[in-house]
Each structure stands twice: as C-alpha cells, then as structure tokens.
Amino acid sequence: MTVDRLKALPPQIKQYLVITGNYWAFTLTDGALRMLVVLYFHQLGYSPLSIAMLFLFYEIFGVITNLVGGWLGARFGLNKTMNIGLGLQIVSLAMLMVPVDALTVIYVMAAQALSGVAKDLNKMSAKSAIKLLVPKGAQGQLYKWVAILTGSKNALKGVGFFLGGLLLTLLEFHGAILSMICMLSSVWLFSIFALKEDLGKAKSKAKFSELFSKSKAINVLSAARMFLFGARDVWFVVALPVFLAATFGWDHWWVGGFMASWVIGYGIVQSFAPSFTGRKSGQVPSGRSAFLWASYLTAIPALIALALHFDFYIQASIIIGLLIFGAVFAINSSLHSYLIVSLADSNGVSLDVGFYYMANAMGRLIGTVLSGWVYQQYGLEACLWISSVFIALAALLSLALPQQAEVTAQ
C-alpha cells in the first residue's frame, strides 16, 4: 500500500490499521518471549512443571489487569492504555537483560508478571477500540473485524513461538531479548503519535465501583468464557507438552514446533470464523450460536479421553483430536469475541470488555494450575474429562444469552 493510498483511507480504517499493527507487534514479542523462557530454562535443567510455574504470576496479574484496565481505559482513553501496555512490555524485556546469575525463578516470575499486565492492557484496548470504529448497526462488519484481529493475533503468537526459538539459536538469550526491545520500541514511538487522542474515553468519568459489569448478558458471557478457556488450558498448557515429551519421546523442538503450528492454525480458523457461522447468509452470532458450537466442542476431549482409556491409536488420536479441537475451539472463541464487543456499552466499552477478559484470564489461571496438578496426580485422561465438563458448563451458560439471530449494539 502506497503512502498516497494510505492517506486516502477513511479515518476509521487508519485507526484500525494502527491498532492492529500495534497488537500484532506486541503479540509477536509475547509469543517469542514465552518460547525463549521455556527453551532457555529447559537448557538450564528446569523441569516442564517448574517452567510452567514461571508463568503463574503472568496469569494472576492478567486477571487483575483486565479488571482495573477496563476502568483505566474508560477514564483516560484506550490510546493511553494500549501504549502503556507496549511500554510495560519493553520494561519487562529489559528486566531480563541482567546477567544469567540474576535470572532466578522469583525474578523471572516478576518480569513475567509485568509482561502479563502489559499483554492484557494491550489486548483489552485493542478489542475495545474496534467497537468504536464500526458504525452502530453494522454487526456483520464488526464481526469480520473482530475475527480478523483475534485470528491474526493468535496466528502471530504461533509465529512468535518459532521466532523465539530462532532468535535463541542465532543471537542467544540476551541478544534475542535486545532485538525484541529495539523492534517494540520503534512500534511504541509510532503508536504514541498515530493513535487518536482519548479513543474510548467515557463521556462521564468512570467510577471505580463500575468495574463489575451490571449487565446480565455480560456476566453470563464472562462466566462461559472462563469455563471455555479453562477447558483449553487444563490440558494444553502443561499436561500436553509434558505428555508429548514423556510418552512420545519428542524433544523440545518437536514439542515447540507442534504447539506453534497448532496456534497458527487456530488463529487462521478464527479469522475465517464468520464464514462458518452464518455471516454469508446475513446473520451474526447469538447465544444460540454459542450454545451449538460449545456443544460440538464438548464431545472432542471426551472422545480423546476414551481413546486414551482404551489404548486406541493413542498418538493418532491425540494429534488428530487436537487439530479438530483447535478448529472448533477457534470458532467458539471467535463467537465469544464478537458477542462481547457487540454487547458492550459504547460509552465506556472498555469496562465491559475488561471485565469479560478478566474472566478469560481467570479461566486461563484455573486451567494452568489444574493442568499441572491434575496431570501429575491423575494423568492426561483426567485433564481431558475436566475439559469436557468445563465446555459443557460454557454451553449451558450460553442458553442464558440473547437468543435472537442478531445482537443489537447498545
């Protein structure tokens, strides 16, 4: 795209491109950082479970950040919270530039905590801003833009996994971190000047007491999201990588490459979710759509668990089952991402979106903790059964959402 054509674009498109580019840059470094930490601490001799626990504060602070970040976005503007998120990520990367002897578990957990704050500020801001750039009533366009933003983010996170491994190989740990600091700093400086002032700032000052959503639909959707992402992470975060390494004998490059490929595929499916869920026929998702797709998803981890129980082509069952799970889960996630943006109140949209992603982070936290503990105590099969139960709960909660064919923006 030439400079002249870029200048000719409508202001809303320009802002969408800036927000998406900002989000992409952040996501790329976030995925690379996660893989760098995993591989580097694996080289230092840490066990998979110990490595997973390095990200515990990352998830805990994600819960807190989404709750408070929504209030900050409504009070000060989404452009500010998005840029603060980028700035904090640069600081968290800089924290890892200390000598190797100083990279203790507690210190790295603290750096990851700051990265968790940064990530959720950035994500909440990006998702909230889309609501404000689409004309009221243009639900099909809103669904498309949300799907592209969400799907491309997850695909880039997978690319980030590959990038982290590549940078570690070529530049070693500190060189890799420094290269990411330089790249993200340039994006941050551009974003400071390019993002519209006070984007998403509420007309009246948002009160701290408004952190918790008063909308039944938002509360129900948030609960469903918590169970949905708990269902993914209860077997995906710790149990699956450890199982692949311990049972199939895969080395960390195979495990990392497979997980990265899964995330990239998951993101691609998310981007095309509107094509699978009725947008071509003029409909956009409703509570009924969320219920049906969650119902389909419920069966998949249960079937994989049965294959494990009866020793039925275990390797093929896990790999094929994971691919199918990823595709159907991606559609579920994209439906939820559209519904929250559509249902959120335009005045102070970040309050509702922040509360919703707080529930999302809580689900990831619950899933991460259960993934390590349940796998260690009872194995992968138990993790899969818990996953199926969580998804069933998300499906049942979806029945309490607005069931009409189109959700009207407030």
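## Report on a predicted helical chain

Leaving aside neighbours within four places in sequence, Tyr46 is in contact with Phe41, Ile51 and Val105, where contact means heavy atoms within 4.5 Å. Tyr46 lies in the loop between H2 and helix H3 (48-53); helices (H or I, at least four residues) and strands (E, at least two) are DSSP runs, numbered from the N terminus. With a relative accessible area of 28%, Tyr46 is partly exposed. In this report buried means under 20% relative accessible area, exposed over 50%, and partly exposed in between (1.4 Å probe, protein chains only).

The model is predicted, so that local features need pLDDT of at least 70 and side-chain atom pairs count only at pLDDT 80 or more, while totals for chains, interfaces and linings use all residues. Residues are numbered from 1 along each chain as its sequence is written, and side-chain values use heavy atoms, with hydrogens and water left out.

### Overall composition

The protein chain contains 15 helices and zero strands. Of its 410 residues, 57% are buried. Among contacts with a separation of 6 or more, 87% join residues 24 or more positions apart. The accessible surface of the chain comes to about 16,600 Å², and carbon and sulfur atoms hold 69% of that area. Accessible areas come from the Shrake-Rupley method with a 1.4 Å probe; for residues, only the protein chains shown count as cover.

Helix H8 (residues 216-236) has 21 residues, which at 1.5 Å a residue should span 30 Å; its end C-alpha atoms are 30 Å apart, in agreement. The expected span of a helix is 1.5 Å times one less than its number of residues. Because 16 of its 21 residues are buried, H8 is largely enclosed by the rest of the structure.

For helix H13 (residues 314-343), the 30 residues should span 44 Å at 1.5 Å a residue, and the end C-alpha atoms are 42 Å apart, which agrees. Of these 30 residues, 22 are buried, so H13 is likewise largely enclosed by the rest of the structure.

In helix H9 (residues 239-247), the buried residues are Ala239, Leu240, Pro241, Val242, Phe243 and Leu244. Gly249 follows H9 and has a positive phi, near 75 degrees.

### The loop between H12 and H13

Asp311 is found in the loop between helix H12 (287-309) and H13, and Tyr313 has its place in the loop between H12 and H13 as well. Asp311 has phi near 55 degrees, a positive value in a residue other than glycine. For Tyr313, also a residue other than glycine, phi is positive and near 40 degrees. Asp311 counts as exposed at 57% relative accessibility, and Tyr313 counts as exposed at 61%.

### Pairs separated along the chain

| Pair | Separation in sequence | C-alpha to C-alpha distance |
|---|---|---|
| Leu343 and Pro402 | 59 residues | 9.6 Å |
| Trp145 and Tyr338 | 193 residues | 9.0 Å |
| Leu292 and Leu399 | 107 residues | 9.5 Å |

Leu343 is in helix H13 and is buried at 8% relative accessibility. Trp145 is placed in helix H7 (residues 139-194) and is buried, with a relative accessible area of 9%. Leu292 belongs to helix H12 and counts as partly exposed at 28% relative accessibility.

### The largest pocket

Rolling a probe the size of a water molecule over the atoms shows where empty space is left. On a 1 Å grid over the protein atoms alone, a pocket is an open set of points where a 1.4 Å probe fits, with protein on both sides within 12 Å along at least five of seven lines; lining residues have an atom within 4 Å of a point. Grid points are joined across faces, edges and corners, and a volume is the space filled by probe spheres set on the points.

The largest pocket holds about 980 Å³ of space. Its lining comprises 47 residues, and the closest to its centre are Arg34, Phe161, Phe236, Val237 and Met259. Helix H2 (residues 11-43) supplies the largest share of the lining, nine residues. By class, the lining residues divide into 26 nonpolar, eight polar and 13 charged. Here Ala, Val, Leu, Ile, Met, Phe, Trp, Tyr, Cys and Pro count as nonpolar, Asp, Glu, Lys and Arg as charged, and the others, Gly among them, as polar.
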